[in-house]
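Student: I have a model open and I'd like to learn how to read its features one by one. Could you walk me through it?

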Amino acid sequence: MLASLRRLRPTQIAVLLIFIVTCLRLWYSTRVGLVADEAYYWLWAKHPALSYRDKGPMVAWIIWLGVKMFGNTVFGIRFFAVILSSAIGWLIFVLARRLYGERTALWCLLMALFIPEMAIGSILMTIDTPSVFFWALAVLLFWGALHNGKISTWFWLGLVIGAGFLAKFTNGVQLICIGFFLLWSKEHRHLLFGPKIFVMGVAFLLASLPIFIWNAETGWVHVMALHSRSGVTNTFHILPGQLLKFIFMQFGVVSPFFMTGIVVAAIALLLNRREDLRSRFLLSQWLPLNALFAFFALNNAGQPNWTVPSLVTAIIFCVAFWRELAASSRMWRGVVVSCFAFTAVVVLVLLCMIILPLPRALTLMQRGEGWPDFAAHIEKARVADKADLLLGTDYQAASLMAFYLPDQPTTYLPPQPYGSSQFTLWPGYKVTPGMRALYVTWNIEDAPPALKQQFSKIQLVDDFYTQDHGHPMRHAYIYLCTAD
């Protein structure tokens, strides 16, 4: 067996590895419950549209296709998350092979498989998976566009960046990354204001049209959503602690060893390899995105996954730099191998812990467990109290109820200002005399004023912790709301 593996070329090993990992991920994806965002995006897929309040439509379109193929199941929702994650690994391998050769490319694939953020995210159907896929595909197309001279490649590049923009607005920053490279690279600077860049821009706008049309129809709801998520209220504050939090989170989700390796490699390449085309190309897809979110982190740390697309090229320049260093010294070789092995073991342990019957406080997937029990409590109250309507305190409660209840019913939120959530853009409910509704919340508090206006009587009927393998997860409260 080992002798047969040794005879395989790195590309053959990569194909075999991706096939095995894909099969394992497809199995693994059914062992963990949905997180709230996945259930929320599943609801989007049940309401096909050109876009949605919080994000572009790509994730909903992909889930729609998955559930058409495999039903309204966890597997149906996550199937294309696994396929796209494997495709990301292959794109990183292909790009690294073109730049540095097969052996470096294989190590890049291995690093991608063992970065915690990418390993855990590979089974979750969130916006990050299609975002990173289209980012990686665009990087590969951009490298080709720089060398083949075909204007059609620039058109496809714009379309792919636009498709990524439909998944996550962060992908629009890739246009800045491309402009940054063209400014930085003297031999390519003439392209900055030429017809090829114009064609790319037109293609990007064409691909992005669904978002612009949807915003024109809904009153530019995305502007409201982006402002609320940015953390900037009326003024921009300089808060060093938030920047430190952002940096700490980056080291946590990428892994301390890998992130240290990326930062050291980036600094070394900036100081000593600025004239190397490959280094400039890879750094230009990493620096602008991280600099942008580091700037925003001066006010608010944001989320650690915001910079994940930049890992596509960070992996490659990190591996290329450290392989060269390891080849020059036995000491550095030992350091690199030890750090890689330790990170791989940690990630494998974390993945195993997720599917073992352990207290979920010890795992990274607490948000994905306990929901069948959550739904069982709601269904019991629904039958006992003859409820006609189901309301959640937020999109998480409403989405998880809609997916995990046996008949997957329509759920709602209490009345909110237009555009404050996707639920406000869908048809609402109408209260009629004698209507009985269940209101599910995470806090024992007074019902929202809007709910008190609609229902004359609101009383607590259940107070429980969701359970997973006998371990308490999250406290929930069920109120019965009755209308005169």
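Tutor: Let's begin with salt bridges: a salt bridge is a side-chain nitrogen of Lys or Arg within 4 Å of a carboxyl oxygen of Asp or Glu. Before we use that, note that this is a predicted model, where local features need pLDDT of at least 70, side-chain atom pairs count only at pLDDT 80 or more, and totals for chains, interfaces and linings use all residues. Residues are numbered from 1 along each chain as its sequence is written, and side-chain values use heavy atoms, with hydrogens and water left out.

Student: How many salt bridges does the rule give?

Tutor: Side chains of opposite charge can pair when their charged atoms come close. Here the count comes to nine. One of them joins Arg-278 to Asp-276, with the closest N and O atoms 3.9 Å apart.

Student: Which residue forms a salt bridge with Glu-102?

Tutor: That's Arg-9, and the closest N and O atoms are 2.7 Å apart. This pair links distant parts of the chain, 93 residues apart: Glu-102 sits in helix α6 (residues 102–114), Arg-9 in the loop between α1 (2–7) and α2 (10–28). Helices (H or I, at least four residues) and strands (E, at least two) are DSSP runs, numbered from the N terminus.

Student: Is Glu-102 buried or exposed?

Tutor: Buried means under 20% relative accessible area, exposed over 50%, partly exposed in between (1.4 Å probe, protein chains only). Glu-102 has a relative accessible area of 19%, so it is buried.

Student: What about Arg-382 and its salt bridge?

Tutor: Arg-382 pairs with Asp-407, the closest N and O atoms being 2.8 Å apart. Arg-382 lies in helix α19 (residues 371–384), while Asp-407 is in the loop between α20 and β2. Arg-382 counts as buried because its relative accessibility is 18%, whereas Asp-407, at 47%, is partly exposed. Shared partners join Glu-379, Arg-382 and Asp-407 into one network.

Student: How do I read the strands?

Tutor: Two strands pair if DSSP finds at least two bridges between them. Strands β1 (residues 389–392) and β2 (residues 436–441) pair in the parallel sense over four bridges, and Leu-391 stands opposite Tyr-439 in β2. Between β1 and β2 the chain passes through helix α20 (residues 395–404), a left-handed β-α-β crossover. For handedness, a crossover is right-handed if, with the strands pointing away from the viewer, the path from the first strand over the helix to the second runs clockwise.

Student: Which residues have the most contacts inside the largest nonpolar core?

Tutor: In soluble globular proteins, nonpolar side chains tend to be buried together. A nonpolar core is a set of buried Ala, Val, Leu, Ile, Met, Phe, Trp, Tyr and Cys residues joined through side-chain atoms within 4.5 Å. The largest one has 138 residues, and Phe-317 and Phe-374 have the most contacts inside it. Helix α5 (residues 74–100) gives the largest share, 15 residues. Apart from this core lies another of 14 residues, including Leu-391 and Ala-437.

Student: Where does Trp-220 lie?

Tutor: Trp-220 is in the loop between α11 (195–218) and α12 (221–230). Most residues other than glycine have a negative phi, and most peptide bonds are trans. Trp-220 is not a glycine, yet it has a positive phi of about 55°. Gln-408, also not a glycine, has a positive phi of about 45°, and its place is in the loop between α20 and β2.
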